[in-house]
Amino acid sequence: RGPAMHHGQFLYSETDPANWQLWDGGLRAAELDERQAQLVASQYRRRKEEAQLDSDIETAYANYLSSQAQLAASNSQVQLARQAFRESEQAWRLGAARQLDVISAEDQLRLADTARLQEERRVQLAIRRLRYLAGLE
């Protein structure tokens, strides 16, 4: 501050701002370093988890597409097996095939239908996995 007057006399006052650092043996700096390291580690874990989630979603989507293709193929196999069964049944009625041929065709139709049902289930599971990863379930 500048001079001040008191009863006709100039009074001077002077201040000196001082910062006093308390010596703590580096404890505060160590705590700060530890917190910064924890922050960096937390950010790294988050990026790693996000990358893993992206990878999981891509894999789940590829599984979904694959199961859709397998289901389409299974549907075709069921249609072909059904047609083969009808033809073998028709041939048996006309006397051109044995009953064993009809039974075999029926078994093939049943196997194809079972495979189709399994593929439908795989599609449903793939959809469910995608919904779970997207946070919808």
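Predicted model: local features only at pLDDT ≥ 70, side-chain atom pairs only at ≥ 80, totals over all residues.
The protein contains 2 helices and 2 strands, and their order along the sequence is β-β-α-α. Its chain has 137 residues, of which 15% are classed as buried. The accessible surface amounts to about 11800 Å², and carbon and sulfur atoms account for 52% of that area. When contacts between residues at least 6 apart in sequence are considered, 63% of them link residues at least 24 apart.

Helix α2 spans residues 99-133 and includes R116. The relative accessibility of R116 is 17%. Because buried residues are those under 20% relative accessible area, R116 is counted among the buried residues. Its side chain forms a polar contact, at 2.7 Å, with the side chain of D113. Once neighbours within four places in sequence are set aside, the contacts of R116 are L71, S74, N75 and V78.

E119 also lies in helix α2. With a relative accessibility of 11%, E119 is likewise buried, since the cut-off for that class is under 20%. Apart from neighbours within four places in sequence, E119 touches S67, Q70, L71 and S74.

Notes
Residues numbered from 1 in each chain as written. Heavy atoms only, no water. Helix = DSSP H or I, 4+ residues; strand = E, 2+ residues; numbered from the N terminus. Buried < 20%, exposed > 50% of the residue type's maximum accessible area, 1.4 Å probe, protein only. Polar contact = N/O pair within 3.5 Å; in protein donor to acceptor, adjacent residues only side chain to side chain. Contact = heavy atoms within 4.5 Å. Areas by Shrake-Rupley, 256 points an atom, 1.4 Å probe, with all protein chains shown as cover.
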